[in-house]
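This report concerns helix packing and ring interactions. The sequence and structure are shown first.

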Amino acid sequence: MSVELVEVVRSGFRECVHRGSLVVLAPDGTTSVELGEVHTPIYPRSSNKPMQAVALLRAGFVPRSTEELAIASASHEGEAAHVELVERLLEHTGLEESRLLCPPDLPGNEQARAEVLAAGAPRRAVYMNCSGKHAAMLAACVANDWPLDSYLDPTHPLQQVVIETIADLTGEPETELGIGSFDGCGLPIIPVSLTNLARAFGRLVTADPGTPERAVADAIRAHPHVISGTGRDDARLMSAVPGLLCKAGADGVHAGALEDGTAFAFKIDDGHERARLPLTAALLHRLGVNWSEDHAALASQPVLGGSARVGTIRAVPGVFQPAQIGHSGSSQAR
């Protein structure tokens, strides 16, 4: 059964609460914290993207820079730098934007979206937040002479590599539920329990240098803006905590790991994204990263009344018992 994880307090009144499930694994893979339903498979949504990027490297995708590998893992905001990277991937592969099978969209970033609308420009596939992953998948297909028109199909050779890779990294038993289930970008999504999702993130950061797993982890950590965007949760968290790897997923999912392999994953039941940042920040604080007032602000997001702050969005006090969570403190916050 899920538990209360995040609360919204307005003018001293508890206005609402977000329930969910959360797990923390120690570097050796043992469970440090288990709250709610952490062994039941969920759809990690975009939190699966780092594992999908590992699969692409295993399948022969050869990025020309760490930025290109990062955009292959991204849920980007359609800002200029994001679009340029996606277009560069397509150009290097010799393909047109029309080959992308993700739906056309407007940029997620408010300024970038306003510029597109002001110019009267149409929606484009490259603006869609998953376009980097799609471009990289096309590159892997070209490298293997696999069909380009059916790369969304779960039976496609590329998707079979993705399925095998996620099973390898998570240890999740095979389930029919993931085959034929699609997210907003049209690609298969594979159910994984929170415990096994966290385990996969721990494996990424502790993998040997030069392996696909470590390459993906290092690229994401080196380019937090590329994999998310201006002001987004992952960019803010990884910029604040060097060595942290994290990736948000739609409908209230978040997973990550510190550089020593301490890993976490959670799912907010109602899918609200506002719970993600304060919950992750509070968890990192309890894990022992060096903290400052600036970092503490991440764990207490404002509730506004007009332009004035009248409350806070925060982890439910006491949800993380200090005795439950231990960490070596090897990751330092700036």
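The crossing of α1 and α5 is left-handed, a crossing being left-handed if the near helix is turned anticlockwise from the far one by less than a right angle, and right-handed if clockwise. The model is predicted: local features need pLDDT of at least 70, side-chain atom pairs count only at pLDDT 80 or more, and totals for chains, interfaces and linings use all residues. Residues are numbered from 1 along each chain as its sequence is written, and side-chain values use heavy atoms, with hydrogens and water left out.

Helices here are DSSP runs (H or I, at least four residues) numbered from the N terminus. Their axes are lines fitted to C-alpha atoms over the stretch in contact, with angles from 0 to 180 degrees between N-to-C directions. The table lists the axis geometry.

| Pair | Axes come within | Crossing angle |
|---|---|---|
| α1 (residues 49–58) and α8 (residues 212–222) | 9 Å | roughly 130 degrees |
| α1 and α5 (residues 131–144) | 10 Å | roughly 20 degrees |
| α1 and α7 (residues 194–206) | 10 Å | roughly 50 degrees |

Angles under 35 degrees count as roughly parallel, over 145 as roughly antiparallel, 65 to 115 as roughly perpendicular and the rest as oblique. Helices α1 and α5 are therefore roughly parallel to each other. In this pair, Lys49, Gln52 and Leu56 of α1 meet Lys133, Ala136, Met137 and Ala140 of α5, where contact means heavy atoms within 4.5 Å. By class, the contact of α1 with α5 has 4 nonpolar, 1 polar and 2 charged residues; Ala, Val, Leu, Ile, Met, Phe, Trp, Tyr, Cys and Pro count as nonpolar, Asp, Glu, Lys and Arg as charged, and the others, Gly among them, as polar.

Helices α1 and α7 are oblique to each other, and their crossing is left-handed. Pro50, Met51 and Val54 of α1 make the contact with Leu197, Ala200, Phe201 and Leu204 of α7. The residues of this contact comprise 7 nonpolar, no polar and no charged.

The pair α1 and α8 is also oblique, with a right-handed crossing. On the α1 side, Pro50, Ala53, Val54, Leu57 and Arg58 meet Pro212, Glu213, Ala215, Val216 and Ile220 in α8. This contact of α1 with α8 has 8 nonpolar, no polar and 2 charged residues.

Turning to rings, Arg124 lies over the face of Tyr127, at 5.4 Å from the ring centre; a charge sits over a ring if NZ of Lys or CZ of Arg is within 6 Å of the ring centre and within 35 degrees of the ring normal.

Notes. Helix = DSSP H or I, 4+ residues; strand = E, 2+ residues; numbered from the N terminus.
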